[in-house]
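Good morning, and thank you for joining this group meeting. I would ask everyone to look first at the sequence and the model on the screen.

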Amino acid sequence: MVQVNDHYLKLKAGYLFPEIARRVKAFSAAEPEAALIRLGIGDVTEPLPAACVAAMTDAVAAMGRQDGFHGYGPEQGYGWLREAIARHDFQARGCDISADEIFVSDGSKCDSSNILDILGPDNRIAVTDPVYPVYVDSNVMAGRTGEADDGGRYGGLTYLPLTAANGFEAPLPPSPVDLIYLCFPNNPTGAVASRQQLQQWVDYARAHGALILFDAAYEAFIQDPELPRSIYEIEGARSCAIELRSFSKTAGFTGTRCAFTVVPRGLCGRTAAGEEVELWGLWNRRQSTKFNGVSYIVQRGAEAVYSEDGQRQVRQLVAHYMENAAIIRRELAGAGLEVHGGEHAPYVWVKTPEGLDSWGFFDRLLQQAHVVCTPGSGFGAAGEGYVRLSAFNSRANVDEAMARVRALAKA
Ligand code: MLT
């Protein structure tokens, strides 16, 4: 009989979002009349920017013509998209990143997991707690951790607590690590990192020969122009950091699928024998072997994000969701709840009321307000006592959800 990957059996419960979906489905089956409002998973609701739709429509038409047809594209992405990304997202902000350091993909979630293919099994790994669950689960699946303890923490991982007490700033690890996952603006706490904080991390990584995997999927939501949007705005980052970016939240591409990973030339790891090897070459080899690229049509859509119209439309989308976040913050604070985040991120991190844990408050909001949130404990032990509300929804739904939560608070 075929042997399974035993490491999968170490995984705790279901992946968070399918588990929420299961509970919501059970509730809906029991109460089919309830009009649910979903502020759980961070999935966008607003239509694609018109510039992207027009570009993809043109690309579909081109694919139907002999002179516009495209078969396999470059595994790294088309040059015109990589050029546009390098120019607008990096060079315009003073980051020394070139087009050939950009690898276009179908998602940051996949990239954050696939990157393990090129990293050795014995790296000491640090993650924040709470954390985007994919970073942890993909290490568990790849056999890079021990078993989970009763609190759901896996042996071999260093957990860096993000708490109200430390202002949701990731503290440096107490003992040396080789691989550090950082996500800012943060999912789930909605916190943002200052230049000084990121400089501290880059300095740490360089001093310890560590690699930072910097997930900047939510950078477009940063409101303060002084805050860094890319790790490469930080001096020294080219030699210690890989950055993950996505069009999912920025341009509403969660169902369209396009993202990219930046691997700077000259960024090295070492072999078991101690020789230095460029990660760029390994990632290029990995992608060329295992990935066939993102569709031509979708890459044309992503390219349109950088047109003048695309930029304006994306700003409007971001403004829409950030106004939702402001409403959620204001209303929940008005209902007497302690709120964090939501100022430079589309997530609001809410302390549960006295006497309720994360799943308890999740159930209360689901059953009594018909509002779906995400229990903080699903993001890690330090997320216990919080829930996350996503600002990705229509204004009408956010207003209605907040009216229901206010009514519940008064009841
Ligand atoms: C979330 O809700 O945390 C995100 O939607 C997850 C993701 O982007 O994969």
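Let me begin with a question: is Glu 219 buried or exposed? Glu 219 counts as buried, because its relative accessibility is 8%. In this talk, buried means under 20% relative accessible area, exposed means over 50%, and partly exposed lies in between, with a 1.4 Å probe and protein chains only.

A word on the basis of what follows. This is a predicted model, in which local features need pLDDT of at least 70 and side-chain atom pairs count only at pLDDT 80 or more, while totals for chains, interfaces and linings use all residues. Residues are numbered from 1 along each chain as its sequence is written, and side-chain values use heavy atoms, with hydrogens and water left out.

I turn now to the salt bridges. The term denotes a side-chain nitrogen of Lys or Arg within 4 Å of a carboxyl oxygen of Asp or Glu. Across the whole structure, a search finds 19 salt bridges. One of them joins Asp 89 to Arg 245, with 3.8 Å between the closest N and O atoms. Asp 89 belongs to helix 3 (residues 79-90) and Arg 245 to strand 7 (residues 241-246), so this pair ties together parts that are 156 residues apart in sequence. Helices (H or I, at least four residues) and strands (E, at least two) are DSSP runs, numbered from the N terminus. Asp 89 and Arg 245 are both buried.

Arg 245 also meets Glu 219, the residue of my opening question, in a salt bridge of 3.3 Å, N to O. Since Glu 219 sits in the loop between strand 6 and strand 7, and Arg 245 in strand 7, the pair ties together parts that are 26 residues apart in sequence. The relative accessible area of Arg 245 is 2%. Which residues make up the network of salt bridges that includes this pair? The linked residues are Asp 89, Glu 219, Arg 229, Glu 243 and Arg 245.

Another salt bridge brings together the side chains of Glu 233 and Arg 93, at 2.7 Å from N to O. Glu 233 is in the loop between strand 6 (211-215) and strand 7, and Arg 93 is in the loop between helix 3 and strand 2 (102-105), so parts 140 residues apart in sequence are tied together. Glu 233 is buried, at 17% relative accessibility, whereas Arg 93 is partly exposed, at 32%.

Next, the ligand. Which residues surround the ligand? They are Phe 17, Ile 41, Gly 42, Lys 109, Tyr 132, Asn 187, Tyr 218, Lys 249, Tyr 347 and Arg 388.

A backbone N or O atom of Gly 42 is 2.6 Å from a ligand oxygen atom. For Tyr 132, a polar side-chain atom lies 2.5 Å from an oxygen atom of the ligand. In the side chain of Asn 187, an N or O atom is 2.8 Å from an oxygen atom of the ligand. On its own, the ligand has 260 Å² of accessible area, and the protein covers 84% of this. Those areas come from the Shrake-Rupley method with a 1.4 Å probe.

I move on to a sheet. Strands of a sheet pair through backbone hydrogen bonds, either parallel or antiparallel. Here, four strands form an open sheet in the order 11-12-15-14, with antiparallel pairing. Its edge strands, each pairing on one side only, are strand 11 (339-341) and strand 14 (374-375). Two strands pair if DSSP finds at least two bridges between them, and two bridges join strand 14 to strand 15 (residues 386-390). Within strand 15, Val 387 is the bridge partner of Pro 375.

Finally, some details of the backbone. The peptide bond from Asp 129 to Pro 130 is cis, with omega near 5°, and Pro 130 lies in the loop between strand 3 (125-129) and helix 5 (133-141). Phe 184 and Pro 185 are also joined by a cis peptide bond, with omega of about -5°. Phe 168, although not a glycine, has a positive phi of about 60°, and this residue is buried, at 6% relative accessible area.

Methods:
Near = heavy atom within 4 Å. Polar contact = N/O pair within 3.5 Å; in protein donor to acceptor, adjacent residues only side chain to side chain.
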